[in-house]
Amino acid sequence: MVGFSDFNKYYQILIAKNRKRNLLLRKKSYRHLDITKPMVALTFDDGPHPIYTQRILETLTKYKSVATFFMLGTRAEAYPNQVNLVNTQGSQIGNHSWDHKQLTKLNSIDVKNEVSNTQRAVYNATKKVPEIIRPPYGSINTELKQQLNMPIILWNIDTQDWKSKNTASIVSKALENVQDGDIILMHDIYKTTADAVPYIITELKSRGFELVTITELLSNKGSVLQNNTTYTRR
C-alpha cells in the first residue's frame, strides 16, 4: 500500500496552524456557545453551490448558528468565493473527495489524489485545510481509515433530501427523532434543502438546541478528535 506520509505531514502542519487560528477567532466570534445546552450538527455534502450554499449561510448567520460543509474538490475549485464565504461565516469545511468516487473501490494512489486535490482546492480559497473528512456514500473500511489519517465523520440522521427533494419531508426527517449529539445529513445543492433549513433551524432553536460545527460537537467535553476514527454522533 502506498502511504500518505509526506502528504499527511504537510497537511497535519497546516491543520495544527488552523486549530490555533480557530481558537483566536472563536474568542472574537459573534456567537456565544452555551455548552450546557443540547447540541446538534447540521452537515451539508456535495457543495458548494453558487446559489443554495449562500442561501443556507445567510440563514445560519440570521440565527447565529453554524454548520459543517463537506465539499467536493471539483466544486470548491469551481466556486472558490462560496468556499471562502463558508469559512468567513464561521462554519466548518470538511473534505468530501474530489469528485465523489467511492474511495473503498480505488487504489491508494487514486485515494491520495482524491483527498489531496480537495485539500489543495479548499486551501487555495481559504488558506486553511479541512481537518475532517466524510467519504462519499459513507463508505469506509479499515484500510481506507488508515490511509486517510483524519477524523472520519458520518451521520446518524439522514434526511434523504437527495431522494425526496421535498421541503416538508426534509424538515420532518431532520426533526422527528433529533437528540443531543446528533449529526444530520443534508446536501447544499438542492433548492428544497435550502428552503427547509430555516424551518429546521428555528424549530431546533425553539427546542433549546445549539447548532454547532462537527469539531464543536465532538470536542466540547474537552476531548480531541482522533485520526483514523469514525464518528456518527457524539
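At 18% relative accessibility, Gly-138 counts as buried, where buried means under 20% relative accessible area, exposed over 50% and partly exposed in between, with a 1.4 Å probe and protein chains only. Gly-138 lies in the loop between H5 and H6; helices (H or I, at least four residues) and strands (E, at least two) are DSSP runs, numbered from the N terminus. Not counting residues up to four places away in sequence, Gly-138 touches Leu-154 and Trp-155, contact being heavy atoms within 4.5 Å. Gln-102 is 36 residues from Gly-138 in sequence, and the C-alpha atoms of the two are 8.8 Å apart in space.

The structure is a predicted model, in which local features need pLDDT of at least 70 and side-chain atom pairs count only at pLDDT 80 or more, while totals for chains, interfaces and linings use all residues. Residues are numbered from 1 along each chain as its sequence is written, and side-chain values use heavy atoms, with hydrogens and water left out.

The protein chain has 10 helices and eight strands. Of its 234 residues, 50% count as buried. Among contacts in the chain with a separation of 6 or more, 79% are between residues 24 or more positions apart.

In soluble globular proteins, nonpolar side chains tend to be buried together. Here the largest nonpolar core has 34 residues; a nonpolar core is a set of buried Ala, Val, Leu, Ile, Met, Phe, Trp, Tyr and Cys residues joined through side-chain atoms within 4.5 Å. The residues with the most contacts inside this core are Val-40, Leu-42, Phe-44, Phe-69, Ile-184, Ile-200 and Leu-204. At least two residues each come from E1, H2 (52-62), E2, H4 (80-89), H5 (108-126), H8, E6 (182-187) and H9. H9 gives the largest share, six residues. A second, separate core has 12 residues, including Ile-153, Ile-214, Leu-225 and Tyr-231.

Phe-69 counts as buried, at 1% relative accessibility. Leaving out residues up to four places away in sequence, its contacts include Phe-44, Ile-56, Leu-60, Val-86, Ile-93 and Asp-188.

A pair of aromatic rings is described by the distance of the centres and the angle of the planes. Rings of Phe, Tyr and Trp (its six-membered ring) pair if their centres lie within 6.5 Å; planes under 30 degrees apart count as stacked, over 60 as edge-to-face and the rest as tilted. By this rule the count comes to one aromatic pair. The ring centres of Phe-44 and Phe-69 are 5.1 Å apart and the planes are at 20°, so the pair is stacked. Because Phe-44 lies in strand E1 (residues 39-45) and Phe-69 in strand E2 (residues 68-71), the pair ties together parts that are 25 residues apart in sequence. Both residues are buried.

Two packed helices are described by the angle between their axes and the distance between the axes. The axes of H8 (residues 167-175) and H9 (residues 191-206) come within 8 Å and cross at roughly 40°; axes are lines fitted to C-alpha atoms, for helices over the stretch in contact, and angles run from 0 to 180 degrees between N-to-C directions. Among the residues making the contact are Ile-170, Val-171 and Ala-174 of H8 and Ala-196, Tyr-199 and Ile-200 of H9. Leaving aside neighbours within four places in sequence, Ile-200 is in contact with Leu-42, Ile-170, Val-171, Ala-174, Leu-175 and Met-186.

Most residues other than glycine have a negative phi, and most peptide bonds are trans. Gly-47 and Pro-48 are joined by a cis peptide bond, with omega about 5°, and Pro-48 is found in the loop between E1 and H2. Asn-149, although not a glycine, has a positive phi of about 50°; Asn-149 is in the loop between H6 (142-148) and E4 (152-153). Gln-160 also has a positive phi, near 50°. Gln-160 lies in the loop between E5 (157-158) and H7 (161-164) and is partly exposed, with a relative accessible area of 28%.
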